[in-house]
Amino acid sequence: MPKYGSLLLALLVVCPLRAANPTWVQYAPGGTLIARTILPANATCPAMNGTAMTVRGATTDVTVCEAVVPAGTTSASINGVALPLKNLGKTPKRIAVVGDTGCRVKCSSSGCSIQDCSDPTKWPAAAVAKSIAAWKPDLIVHVGDYYYREYNCPSATSQPSECTGPVYTWANWNADFFTPMAKLLPAAPWVFIRGNHEICSRAGAGWFQYLDGGAYSADCSTHSAPYSVSSGSMQFLVMDSSAVSDENVVPSEVTLYAGDFSALKATQPASPTAWLLLHHPIWGVVHDDEDEDDDDPVTPGLEAAWKQAAGADGVPNVAAIITGHVHLFEALQFSDAPPQVVIGNGGTKLDSGIKSTPKTVDTRTVTAFDTRDKFGWAAVTPTKTAGVWTFTLNSAKGNAKEKCTVGGMKARCGSAQ
């Protein structure tokens with residue numbers, strides 16, 4: 001590490017640079033569009049083109065202001081920041097999907113897992129954001145896990161005794177998400193998905209303060225109700241899977257998420273073109289680092305919930321399921337389930353690569369599989385076939401690496417060249 005590398009890492013982990021008034025718009029339950037901005041503590045909320053913004057639970061660090069964007073609004077700004085409203089109501093033609101973007105700083109009694117947050121090659125979230133912004137998306141989907149700096153450590157080689165935590169502060173939220181995403185935030189409307197790093201025992205308070213689309217409450221909720229967002233002919237079904245077990249089938253969770261699937265089905269029109277958005281894969285795999293020949297399915301409780309809901313004719317009819325959680329890219333095609341795309345490679349420490357093509361995931365037969373263990377994001381554009389999209393998997397710098405056809409029960413990938 002360079003002479004001053006340790007000091008720089010400490011500054012980035014403990015005293016991050018401050019983003020200048022993060023400002024964005026996001027979809028909320030019912031499809032409402034909400035504008036937000038984050039100001040210094042005790043600041044007075046500004047107006048949004050004559051619409052008063054109100055305080056969303058101010059803290060000792062910041063004031064979060066928000067306002068519903070009136071229907072039909074095509075132009076507005078907040079403190080000089082123009083809001084991306086020109087394509088509202090239209091079917092998005094350019095959708096950026098990204099997930100798991102924070103810089104991992106985590107310790108336990110056995111040791112610490114620390115990314116070098118000062119090295120953009122090891123934590124490229126800012127490069128990811130820059131390349132997405134350059135692509136000029138109509139919509140941005142973040143599939144969850146924004147906050148990874150759960151400990152404050154003086155260097156990338158720190159031992160547990162040198163670190164303090166766990167900590168969940170505005171300073172670390174700012175460093176992990178709002179600073180690297182500063183220029184991307186006002187580039188297009190967002191759909192934010194809650195990840196397992198935003199559960200109540202972790203960064204849940206910040207999730208509800210800054211990014212959750214519902215009405216603010218200081219009481220952290222373990223689970224939020226699913227909801228639907230429509231934009232032109234596309235529909236996005238949003239589900240909170242943040243508290244599901246990675247490894248176990250928990251009966252109460254199966255009942256909860258089966259109810260969510262059924263509730264989402266009830267929101268669908270007769271012929272939907274829909275994505276199901278949640279943080280955890282219903283069907284996905286992760287490499288077992290203790291067995292080099294083994295790749296294991298994750299979140300079997302969601303598969304059990306899907307089967308339970310399907311038995312009662314209660315699963316939504318979706319063209320694709322888009323998730324994160326596994327810190328890789330995965331595209332899975334099945335003989336008897338919608339295609340699953342995992343995009344968890346947005347910046348946090350990558351998982352070990354998948355070693356072989358799985359033949360099954362839980363009870364599903366895999367008919368095509370693709371994976372990539374490099375940082376990046378997905379640029380999604382429609383094909384000429386309704387309900388089928390091209391997912392271009394880009395590097396952190398925005399260079400196309402693979403292209404996948406997703407939808408119509410397919411997830412087929414090949415080289416972007």
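1. Start at Pro166, which sits in the loop between β12 (139–142) and α3 (170–178). A cis peptide bond links Gly165 to Pro166, with omega at about 5 degrees. The element names come from DSSP runs, numbered from the N terminus: helices are H or I with at least four residues, strands are E with at least two.

2. A quick word on what you're looking at. This is a predicted model, where local features need pLDDT of at least 70 and side-chain atom pairs count only at pLDDT 80 or more, while totals for chains, interfaces and linings use all residues. Residues are numbered from 1 along each chain as its sequence is written, and side-chain values use heavy atoms, with hydrogens and water left out.

3. Asn49, in the loop between β3 (47–48) and β4 (51–52), has phi near 50 degrees, a positive value in a residue other than glycine. Asn79 also has a positive phi, near 50 degrees, and its place is the loop between β7 (77–78) and β8 (81–82).

4. Now the largest pocket, with a volume of about 760 Å³. Of the 29 residues lining the largest pocket, Asp246, Val286, His287, Asp289 and Asp351 are the closest to its centre. The elements giving two or more residues to this lining are β10 (105–108), β11 (111–114), β17 (285–287) and β18 (295–297). The largest share, three residues, comes from β10.

5. How a pocket is found here: on a 1 Å grid over the protein atoms alone, a pocket is an open set of points where a 1.4 Å probe fits, with protein on both sides within 12 Å along at least five of seven lines, and lining residues have an atom within 4 Å of a point. The volume is the space filled by probe spheres set on the points, which are joined across faces, edges and corners.

6. What is the lining of the largest pocket made of, by class? It has eight nonpolar, nine polar and 12 charged residues. Nonpolar here means Ala, Val, Leu, Ile, Met, Phe, Trp, Tyr, Cys and Pro; charged means Asp, Glu, Lys and Arg; the others, Gly among them, are polar.

7. Helix α5 (residues 251–266) has 16 residues and reaches 23 Å from its first C-alpha to its last, close to the 22 Å expected at 1.5 Å a residue (1.5 Å times one less than the number of residues). In α5, Glu253, Val254, Tyr257, Ala258, Asp260, Phe261 and Leu264 are buried (under 20% relative accessible area; exposed is over 50% and partly exposed in between, with a 1.4 Å probe and protein chains only). They cover an arc of only 155 degrees around the axis, so they lie on the same side of α5; the arc is that of the directions from the helix axis to the C-beta atoms. On the other side of α5, Pro251, Ser252 and Ala266 are exposed.

8. What covers the buried residues of α5 includes β14 (227–231), β15 (234–238), β16 (274–277) and α6 (300–311). Met234 is in strand β15 and counts as buried because its relative accessibility is 3%. Leaving out residues up to four places away in sequence, Met234 touches Thr91, Pro92, Ile95, Val229, Thr273, Trp275 and Trp389 (contact means heavy atoms within 4.5 Å).

9. Helix α4 (residues 204–211) is mostly covered, with seven of its eight residues buried. By contrast, Lys130, in helix α2 (residues 125–135), is exposed, with a relative accessible area of 67%.
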